[in-house]
Amino acid sequence: MRAAFAADDPGLILRQDPAGIAPERALVFVTAGSVQNFATAAAAIGLEVFSETDLEGLEDFPDGFAPAGDAATLSRALYATMPTLDTFRSLLRLWGAHQDGEHAPHGAGPWWKAFDLLLELRPWGPQDRLGPDARRVIRDRLPAGDDENTTIEFEIWPTTNAARRTAWRAETEKRVVELGGRVLDASSIAADGFVYEAVLARLPAGVVRAMLDDPQQPGGLAMIEGVQFIMPQTVGQAAPTDLAGDAQGPELGNAFVADAPVRVALFDGTPVAAHAALNGGVNIEDYFDLVRLSPVERRYHATAMASLILRGDLDVDGNPLTDTRLVSVPLLIDSDSGSWTPNNRLFVDMVHTALVRLIGGDDPAEPDVFVVNFSIGIGDLRFAGRISALARLLDWWAAREGVLFVISAGNIGDRLIVHGLDSAAFENSSAHQRRQHVRAAIRAATFERTLLAPSEALNGLTVGAVSKDLNGDVPAQAAGIFALEDDADLLPQITSALGLGPHRSIKPDMLHVGGRQEIRTWPDGTGNTRVDPVDVSRRTGLIVAGPGGTQKSRGTSPAAALTTRAVLQSAQALTGQAGPFEGLELPRRDFALLTRALAINATRWHDGAYELLAEQLATLGRHRHVRAKEEVCRHFGYGVINPGLMQRSPERGVTLVGLGTIRKDQALIFRMPLPPSMAGERVPRSMHVTLTWFTPVNATRAQYRLAGLEAIAADPADEQSDSGWLLDLKSDGPDANMIRRGSVWSRRLIHRRQAVPGFEADAEIPICVQCRDTAGGGLSPDDDIRFAIAVTLEVETEVEYDILNEIEQRIKLTMVQAA
């Protein structure tokens with residue numbers, strides 16, 4: 001760089017090397033560990049930072065470097081930037097001062113740290129644009145003939161400079177045409193907090209194969225400078241629904257209310273809106289002209305999802321929602337093999353366009369929608385640390401518009417291999433032993449069975465599936481078919497995708513009933529056992545509407561749809577008769593936050609989760625309890641939901657809800673009155689406190705999430721908090737550190753011992769909600785963070801007093817005194 005800037009035209013000299021550092025060519029800094037406030041220091045010299053990424057640690061590290069503390073590897077961070085000639089000049093000036101031993105100028109401290117920790121300085125290259133997972137999927141999709149075509153996505157660098165983005169996109173499109181391809185679609189989304197520029201192209205397979213074989217080829221696709229990532233086309237899909245069903249179906253009573261507001265959107269294929277179970281409850285907005293492409297007799301998935309949202313399991317429930325209707329936005333084309341996104345459209349752009357027309361802008365089509373059911377997964381895009389563009393889009397919409405996305409975690413159909421056990425021995429094992437064998441097989445393949453995009457979205461409500469039917473009937477086992485769970489067990493389906501989420505946050509958030517899943521075993525020819533789920537069966541599954549009557553449904557899609565139904569039912573309970581907001585029409589954001597808080601607050605770990613925890617502690621050692629609980633959360637999240645607790649208080653307890661707005665480094669106090677009668681009772685008790693918010697996000701930061709909330713039992717006037725929450729309680733379920741990583745904070749507490757709680761008759765628990773910046777300066781002190789809180793207090797045995805009534809009377813008395 002110094003040599004180039006000694007010449008008359010440094011830019012020309014730098015650009016002569018196509019693989020070297022140059023202006024307008026993405027520049028990568030790799031440092032040993034992260035550099036706090038790097039983006040701020042970079043901005044001060046005009047250097048735009050596109051992304052901060054934590055890389056895998058180095059076991060073989062350079063001389064002069066050592067891992068921090070007791071770590072065995074050297075942590076690394078990658079900063080992708082876009083320099084100009086002026087920023088190069090500033091960078092050289094800072095580097096010279098650093099090398100001369102000068103002190104850092106005001107605001108330049110992060111540069112001094114970056115220079116001290118610098119491991120690599122290089123241009124963004126083919127190895128960055130084309131990652132190993134993308135290469136594998138692209139190669140798997142390639143047709144055999146070089147003259148046949150395949151589709152590729154190019155994500156352009158998301159600079160806020162529109163002219164630069166446009167130029168990079170034009171360069172990409174020009175290169176595609178030069179190589180014999182054709183541009184199918186392009187997208188340009190530029191909003192405050194979200195930038196997305198992409199091109200979808202159809203290219204000869206031979207050109208793509210050459211790129212995979214030699215990414216460094218001059219003039220090749222992987223050398224296009226304006227491209228950040230090259231990926232296979234993002235294909236949204238919904239798994240084929242089990243076609244086993246009944247042409248007749250159960251009789252359905254009651255009808256939908258014709259003038260009820262539309263509060264829920266279904267992003268899926270096309271439902272049979274005239275089906276007896278849906279007629280009058282479904283509107284279709286065909287924004288992309290896809291309805292005509294989906295034969296009525298193939299509209300399985302969206303019909304099933306709409307049926308579960310509006311009526312639940314038709315055999316067990318069947319009652320319509322009375323205060324809402326549903327709008328369906330088809331994004332998939334239904335076919336014999338399932339439902340798929342169009343092969344000539346960018347899926348991220350489709351989702352954004354649908355949301356703009358539905359709830360955005362000055363004249364939204366359905367302004368009352370506060371929840372979107374998203375039972376679509378990207379089968380080839382499993383979460384491995386980098387948050388997908390689609391998940392970032394949903395996070396941004398949630399934060400901006402206050403909309404709740406209920407997202408299915410995804411179904412992983414990859415075969416499972418139980419090693420060291422033949423199929424006969426497996427079949428002769430007990431149910432408990434079979435569970436252990438299958439869990440070991442899942443654990444060995446954990447990182448191949450992760451969340452399907454976009455279910456890693458932090459602001460979404462991600463739902464996995466419990467292997468259970470709602471009708472309670474457990475058919476006798478057929479020959480060669482097994483269940484892993486006993487009748488009362490609540491265990492995840494073996495195909496339910498695994499967490500964790502971004503920055504090891506708790507994902508999935510929860511599990512809901514997804515139909516009983518049976519398994520079949522096969523010998524694999526090497527002494528091992530292959531385990532497959534039974535995909536088609538009349539024996540088990542949820543009963544839902546289908547094109548020809550009814551059908552069976554299993555998986556995370558129906559689990560998400562039932563969760564959406566529970567969300568809508570809880571919204572009705574909140575504003576309905578005797579509800580805490582009776583007669584009020586809450587804003588979209590408040591409905592979304594309250595129902596999300598109630599959903600998480602209604603979850604808990606059951607015996608299956610504690611059985612897995614015990615196995616993990618036995619394997620890892622008692623001192624590794626955090627790691628063991630992470631493994632439980634990978635499967636169960638916060639636990640299995642009891643949807644009834646989203647609509648009413650528990651039988652021997654009370655649930656309170658609230659709303660608030662908070663800013664960075666602020667605190668708000670909610671005072672929860674205690675029932676006076678509990679003060680003299682030696683009874684087992686529990687408490688569940690849940691906060692939900694839609695965090696602002698910044699895709700350029702390694703710490704993607706900007707706002708973190710948590711609650712403690714403390715009054716600002718006190719010196720310290722009460723870890724026992726005035727009732728001598730201790731944590732149960734997920735670890736206290738884990739619950740601080742997402743946009744949900746939920747803590748379940750149980751009694752330490754059956755001691756008599758000691759408090760005065762007018763005692764209150766001061767629940768102090770605090771907000772912190774989780775991104776090292778990314779959260780503005782002017783950002784208002786709206787949040788919801790739900791608190792449940794209950795006793796675990798029969799008592800002679802009514803907790804709900806006593807707290808309700810305390811609250812009414814407080815209101816009268818305040819008036």
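Colleague: What makes the meeting of the side chains of Glu-710 and Arg-740 a salt bridge?

Modeller: The N to O distance is 3.0 Å. A salt bridge is a side-chain nitrogen of Lys or Arg within 4 Å of a carboxyl oxygen of Asp or Glu, so the pair Glu-710 and Arg-740 qualifies. Glu-710 lies in strand E32 (residues 707-713) and Arg-740 in the loop between strands E33 (729-732) and E34 (744-751), so the pair ties together parts 30 residues apart in sequence. Strands (E, at least two residues) and helices (H or I, at least four) are DSSP runs, numbered from the N terminus.

Colleague: What should I know about the source of these values?

Modeller: The model is predicted: local features need pLDDT of at least 70, side-chain atom pairs count only at pLDDT 80 or more, and totals for chains, interfaces and linings use all residues. Residues are numbered from 1 along each chain as its sequence is written, and side-chain values use heavy atoms, with hydrogens and water left out.

Colleague: Why is Glu-710 called buried?

Modeller: Buried means under 20% relative accessible area, exposed over 50%, and partly exposed in between (1.4 Å probe, protein chains only). Glu-710 has 16%, so it is buried. Arg-740 has 28%, so Arg-740 is partly exposed.

Colleague: How do you know that Glu-630 and Arg-504 form a salt bridge?

Modeller: Their side chains meet at 2.6 Å, N to O, and the limit is 4 Å, so the pair counts. The pair links distant parts of the chain, 126 residues apart: Glu-630 is in helix H18 (residues 625-636), and Arg-504 is in the loop between strands E21 (481-482) and E22 (510-513). Glu-630, at 6% relative accessibility, is buried, whereas Arg-504, at 38%, is partly exposed.

Colleague: How many salt bridges does a search of the whole structure find?

Modeller: The search finds 42. Another of them joins Arg-345 and Asp-349 at 3.6 Å, N to O. Arg-345 is partly exposed at 24%, and Asp-349 is buried at 13%.

Colleague: Is Gly-318 buried or exposed?

Modeller: Gly-318 has a relative accessible area of 5%, so it is buried. Gly-318 lies in the loop between helix H10 (300-311) and strand E12 (325-330). Leaving aside residues up to four places away in sequence, Gly-318 touches Leu-252, Arg-311 and Asp-313, where contact means heavy atoms within 4.5 Å.

Colleague: What is the order of the strands in the open sheet of four?

Modeller: The order is E6-E7-E5-E8, with antiparallel pairing. Strands E6 (182-191) and E8 (227-232) stand at the edges with a single partner strand each, so one side of each is left without a neighbour in the sheet.

Colleague: How do you know that E6 and strand E7 (residues 194-204) pair?

Modeller: Two strands pair if DSSP finds at least two bridges between them. Nine bridges join E6 to E7, so the two strands pair. Ile-189 stands opposite Tyr-196 in E7.

Colleague: Which residues make the contact between helix H7 (residues 132-141) and H9?

Modeller: Arg-135, Ile-138 and Arg-139 of H7 meet Val-208, Leu-212 and Asp-213 of H9. These residues divide into three nonpolar, no polar and three charged. Ala, Val, Leu, Ile, Met, Phe, Trp, Tyr, Cys and Pro count as nonpolar, Asp, Glu, Lys and Arg as charged, and the others, Gly among them, as polar.
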